[in-house]
Amino acid sequence: MFGWGTSNQRYRTDPSKDGEQPKAPRNEGVDSGAMVIAGNESSPTTNTAPGSGSGINAGYGDDGRCDYRAKYKELERRERESRSRYERQLAEKDRRLQDMRSHQQAMAQEERKAREALNSEIQRLKYELRQTRAQLSRHSQENIMYKDEIRRAETQNEETRRRLEEKANELKGAQAFLKHANMLSGADVISLVDRLNSEVYQGAASMVDTVEFEGASRRMDDAAWKRATSATSKTIGGELTQALITQRGKDKEDYDPILLQYALQTCLIFCCFKICISWAPEEGNSQFLRSVYSEIQKKEDQVVAGRWRALTRAHIRETRNPEAETKQIIRELHAVLIVAGCSDEELSTEFEKDLLEITTLAIRVQTAIGESITSMDLEPYILPPGRPFDAALMEEEGGSRAQGKKTVGCTGLGLAQLVDGDKTILVRAKVLLDSAL
């Protein structure tokens with residue numbers, strides 16, 4: 001850094017420049033052995049009087065001195081600028097260094113705080129761990145005590161439990177016959193029967209919309225035809241079978257799908273009726289159990305007879321196979337479609353699931369009337385063909401009442417209530433009258 005003292009001390013060593021000595025500016029118009037002092041017009045090497053033309057500076061004159069003085073001032077200005085720039089750079093470096101030191105101090109303080117917080121958390125967790133281990137130790141000891149007490153209690157109660165089981169087995173049989181409460185009400189059973197009739201109606205309508213009428217063009221051997229007509233005579237009756245045979249010989253333009261729907265409904269209701277009144281899947285076993293129950297009714301109160309019926313059917317119910325009973329229904333419907341001259345492949349492909357739902361619903365009705373009601377007997381019923389119309393027992397398909405006409409088929413299941421020999425109709429059976437043919 002340059003220092004400024006007396007006129008003879010203007011050029012000094014700059015310690016920041018690695019010991020390099022600054023050089024005085026050269027003035028090519030002045031002899032190298034001479035030095036001019038700023039602000040002094042005389043030379044240290046001569047003592048010539050003013051105005052004399054002799055001496056070392058005699059050749060310069062006033063113009064030379066002015067030029068030298070200007071150069072000297074320019075040198076001073078540059079040196080001041082250089083010093084000012086250096087001082088600014090030094091101040092900037094000092095400021096950055098101070099910022100770095102402040103940042104380091106802040107980071108060190110944050111690190112110290114974080115370390116203190118971590119140490120505090122570690123101490124807290126260690127304390128909680130010690131507490132937890134102490135609690136686990138106490139609980140383990142308590143569990144050992146509790147297990148010992150439980151073993152003693154189990155040993156003490158084993159004999160009591162054995163005796164209670166003996167008494168429970170003795171009372172179980174009696175309780176089965178002493179229960180009076182019905183699991184379902186009569187209204188619940190009526191709702192199930194109405195739902196079954198509705199499902200049968202919708203299923204028959206869907207099948208009629210799907211099957212194709214082939215008429216007399218559908219050929220088959222005599223044995224298959226006899227099996228089909230024999231089956232339909234049992235399920236839908238002789239008159240309805242003959243009506244289908246008559247329609248079979250007609251042209252496709254004269255085909256009446258409503259007649260086929262009545263026949264399918266009648267067949268489905270007949271199959272559902274057999275399921276609802278059955279005691280067992282096999283007809284022989286069902287007839288035997290029904291006769292036994294009839295004898296019990298004659299000799300025992302309704303409470304005892306009803307409980308016997310419920311227990312018997314509950315144990316037999318597990319032997320029922322809805323899929324197998326659905327296949328039997330499909331076989332009966334096949335016979336109806338054969339007699340009607342319609343295609344029957346759709347039954348096993350498109351309607352098997354729907355028919356399984358109808359079968360399941362019929363089994364629910366059978367379970368409800370056989371197991372869930374013990375204080376009375378509920379019986380589903382259908383009416384055989386050829387019976388005169390009776391408005392107390394039946395209603396005509398379509399809702400009208402045709403007195404004096406005869407039935408040709410039953411398209412809806414009926415439900416009757418039997419109490420001490422008295423019969424009350426809860427749901428009237430729907431019938432198809434001969435006038436519909």
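The protein chain of the predicted model contains ten helices and six strands, and buried residues account for 32% of its 437 residues. When contacts between residues at least 6 apart in sequence are considered, 73% of them join residues at least 24 apart.

Three of the strands form an open sheet in the order 1-4-5, and their pairing is antiparallel. From one strand to the next, the twist averages 30°. The antiparallel pair made by strand 4 (residues 414–419) and strand 5 is joined by five bridges, and within this part of the sheet Gln-417 has Thr-424 of strand 5 as its bridge partner. Helix 2 (residues 186–210) packs on the sheet and touches strand 1, strand 4 and strand 5, with the direction of the helix making about 50° with that of strand 5.

Among the helical residues, Thr-367 was examined individually; this threonine lies in helix 10 (residues 352–372). The relative accessible area of Thr-367 is 17%, and because buried means under 20% relative accessible area, Thr-367 is classed as buried. Once the neighbours within four places in sequence are left aside, Thr-367 is in contact with Arg-317 and Ser-372.

Attention was then turned to the open space in the model. Rolling a probe the size of a water molecule over the atoms shows where empty space is left. The largest pocket holds about 660 Å³ of space and is lined by 28 residues, of which Phe-270, Cys-271, Lys-274, Gln-328 and Glu-332 lie nearest its centre. Two or more residues are given to the lining of this pocket by each of helix 3 (222–235), helix 5 (257–277), helix 6 (283–299) and helix 8 (322–340). The largest share of the lining, amounting to nine residues, comes from helix 8.

Conventions
Residues are numbered from 1 along each chain as its sequence is written. This is a predicted model: local features need pLDDT of at least 70, side-chain atom pairs count only at pLDDT 80 or more; totals for chains, interfaces and linings use all residues. Side-chain values use heavy atoms; hydrogens and water are left out. On a 1 Å grid over the protein atoms alone, a cavity is a set of points where a 1.4 Å probe fits but cannot get out, and a pocket is an open set with protein on both sides within 12 Å along at least five of seven lines; lining residues have an atom within 4 Å of a point. Grid points are joined across faces, edges and corners, and a volume is the space filled by probe spheres set on the points. Helices (H or I, at least four residues) and strands (E, at least two) are DSSP runs, numbered from the N terminus. Two strands pair if DSSP finds at least two bridges between them. Axes are lines fitted to C-alpha atoms, for helices over the stretch in contact, and angles run from 0 to 180 degrees between N-to-C directions. Contact means heavy atoms within 4.5 Å. Buried means under 20% relative accessible area, exposed over 50%, partly exposed in between (1.4 Å probe, protein chains only).
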